[in-house]
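Open the model in your viewer and keep the selection panel at hand. This tour goes stop by stop.

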Amino acid sequence: MMEIRVDGRRVTLARGMTVRHALIAAGALERVLAGARVIDTWGSEVGLDGALDDGDTLRIVERAGPR
Amino acid sequence: MFAHVAAVLAALLILLVPPARAGQEHLRILHLNDFHGFARPHQPPGAAEPLGGIAYLAARVQALRAGQPTLLLAAGDMIQGHNWANLTRGAAVIETMNAMGFDAMALGNHELDFGQPALAERAREARFPFLAANVEGLDPVRPYIVRTLGGVRVAVIGLATPETPQATHPGNVAGLRFEDPALTLRRLLPELRRQSDLVVVLAHLGHAAERRLAQEVEGIDVLIGGHSHTRVAEPPTIAGTLLAQAWEHGKALGVIDLTVEDGRVVGAVGRLEEIRPAGAPQPEVEAIVARWDARAQEVLGQRVGEAGADLDVRNARSAETNFGNLVADLLRRTAGADAALFNGGALRAGIRRGTVKAGDIYTALPFDNYLVAVRMSGRQLLAALEHGVAAVERRDGRFPQVSGLSFSYAPAAAPGARVRQVRVGGAALEPARTYVVATLDFLAAGGDGYAGFGEAIRSGGDFESVGGAVSGSAIAYSDPGRWLRDLLIEYWQRQGTLAPGLEGRIVEVE
């Protein structure tokens, strides 16, 4: 299993699950589908289908404007 | 007109490339990862405009190649994902990559999703090698290649994620052994160094693991990654290794410019170019995309079987339905589970009695859901059922459709105390007993508020991978590479005619 933090909230997922599953577990998927971006530990944007590593930290950031 | 402009741009590009000093060479590496068959431009959530489009990306590749020695590399997960790719088991992607002139591709976990025979077929079609040095037992895959570019010998070694057995159906990895990537690399680096001036690692490990690898293993000049779909806009240098990754779905192309002097890298700069459907697409690739689009439409129009009854979706958020029974039975049987439970909201359209086409099933089950089976206690299963019926008056999408179990509930009772009798496999539910319950990944992650699956995963510990088969105390089955709709199509094709009915699995009581 993996422990992931989404905006500080800890969620547990089975290995092989993705960013999308972490957002579902944290109740945050809707925000991202509405336009917010997901940022990893190093400040890079990640896609919803991106693989996760145990201990990963994700932040949800509202989009400042059109990319 | 476009050809003229392109020629002028190409000429300008040649002039802009810094002149090589004696003994100095300029090389370019273009890279892509996690394409997942997104051939057409698409608008991701929140984006102001469409991004991607493989024919537009191909045009950019063509322009960036002009004037200097270039490698075009893919860091895995290219052939599975979007219907455009799945409906041809990745053949459309390979033809596209052949036309673009890819030099090599690392093996991603999703390359195995269609099984080893299909992978072997794709490898035969490809005019470039599939690379994975840390995988034993897979014939079509090579560990590395060495190419000479502008007088510089470049080794490209592939690495697959050792978590592949947890990220695809166990049958797809039967007989394969995945070694720790750092061990593989340390073992092969001396051999690579003897044969080359420059070592490029093409990895499908995820950005966190790729950072660790760059930190731990000396002697890598460039590490191009994938798997985590990370948009590494400004590739960092970690312990002397340039670390890059180009997001996902063909929305960006990675560009790495290297200066090599006397067989040593003296300059390495990476960047991402976002791909937009502007300008002219590369015509050959555009034609390939259109041809496979048409083929995908043909497949969607093909007969799958016959429905002996109308499959009901209108009541799936408030009652047992025959469509829900069919899908729940499929989940339970496929996973070999005691029971199955999924959310009625996963069913989006009914299917009329008569001939059923693949497109009907794609419309009914549009989400990219896959099958997961979780070992959970009877108490947790009961809690899941309580949650499922807690908002039945709102016709919430969480309402359960079930198989292998039956239950009664009182909709007028307070939420959380509505479920009455539960029977699993014909016997009364035992709160302390462990049951294997098949569901969808959406619910296993806690979707629609189902917390019980996550609780079971949390209390159950980790996976084990033994000889390519996955076992773990919580996850009994997981097949992330096969969408539910594809599972149903295959099942219907085998059965011919399906006429599911109502069986009293969910009963309302006063």
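**Stop 1: a link across chain B**

Select R40(B) and E286(B). They form a salt bridge, with the closest N and O atoms 3.2 Å apart. This pair ties together distant parts of the chain, 246 residues apart. R40(B) sits in the loop between strand 1 (24-32) and helix 2 (54-65) of chain B. E286(B) belongs to helix 9 (residues 283-300) of chain B. Keep in mind that the model is predicted.

Now colour by accessibility. R40(B) has 33% relative accessibility, so it counts as partly exposed. E286(B), at 25%, also counts as partly exposed.

**Stop 2: further salt bridges**

How many salt bridges are there over all chains? The count comes to 37.

Select R122(B) and E121(B). Their side chains meet in a salt bridge, 3.4 Å from N to O. Buried or exposed: what is R122(B)? R122(B) is buried, because its relative accessible area is 5% and the cut-off for buried is under 20%. E121(B) counts as partly exposed at 38% relative accessibility.

Move to D479(B) and R482(B). These side chains also meet in a salt bridge, at 3.1 Å from N to O. D479(B) is buried, with a relative accessible area of 3%. R482(B) counts as partly exposed at 24% relative accessibility.

Next, select R28(B), R60(B), D257(B), R271(B) and E273(B) together. Salt bridges with shared partners join these residues into one network.

**Stop 3: N322(B) and its surroundings**

Go to helix 10 (residues 322-335) of chain B, where N322(B) lies. N322(B) counts as buried, at 8% relative accessibility. Show the residues around N322(B). Leaving aside neighbours within four places in sequence, N322(B) is in contact with A309(B), D310(B), L311(B), D312(B), P500(B), G501(B) and L502(B). Zoom in on P500(B). Its backbone oxygen lies 3.4 Å from a polar atom of the N322(B) side chain.

**Stop 4: a four-stranded sheet**

Switch to cartoon view. In chain B, find the open sheet with strand order 24-23-22-30 and mixed pairing. Which strands stand at the edges? They are strand 24 (427-428) and strand 30 (506-508) of chain B. Each has a single partner strand, so one side of each is left without a neighbour in the sheet.

Follow strand 22 (residues 405-409) of chain B. Strand 22 pairs with strand 30 of chain B in the parallel sense, over three bridges. One place to look is Y409(B), whose bridge partner in strand 30 is E508(B). Then select helix 12 (residues 378-389) of chain B, which packs on the sheet. Helix 12 touches strand 22 and strand 23 (419-424) of chain B. The direction of helix 12 makes about 130° with that of strand 23.

**Stop 5: where chain A meets chain B**

Show both chains. The contact takes 28 residues from chain A and 37 residues from chain B. The area buried between the two chains is about 2,700 Å². Carbon and sulfur atoms give 57% of that area.

Look for the polar links. Seven residue pairs are in polar contact between chain A and chain B. The salt bridge count between the chains is two. One of them joins the side chains of D53(A) and R212(B), at 2.8 Å from N to O.

Finish on the chain A side. Strand 2 (9-13), helix 1 (19-25), helix 2 (29-33) and strand 4 (45-46) of chain A each supply at least two residues of the side that touches chain B. Helix 1 of chain A gives the largest share, three residues.

Technical notes. Residues numbered from 1 in each chain as written. Chains lettered and ligands numbered in written order. Predicted model: local features only at pLDDT ≥ 70, side-chain atom pairs only at ≥ 80, totals over all residues. Heavy atoms only, no water. Pairing = 2+ DSSP bridges. Contact = heavy atoms within 4.5 Å. Axes fitted to C-alpha atoms, helices over the stretch in contact; angles between N-to-C directions. Buried < 20%, exposed > 50% of the residue type's maximum accessible area, 1.4 Å probe, protein only. Polar contact = N/O pair within 3.5 Å; in protein donor to acceptor, adjacent residues only side chain to side chain. Buried area = accessible area lost by both parts, 1.4 Å probe. Salt bridge = Lys/Arg side-chain N within 4 Å of Asp/Glu carboxyl O.
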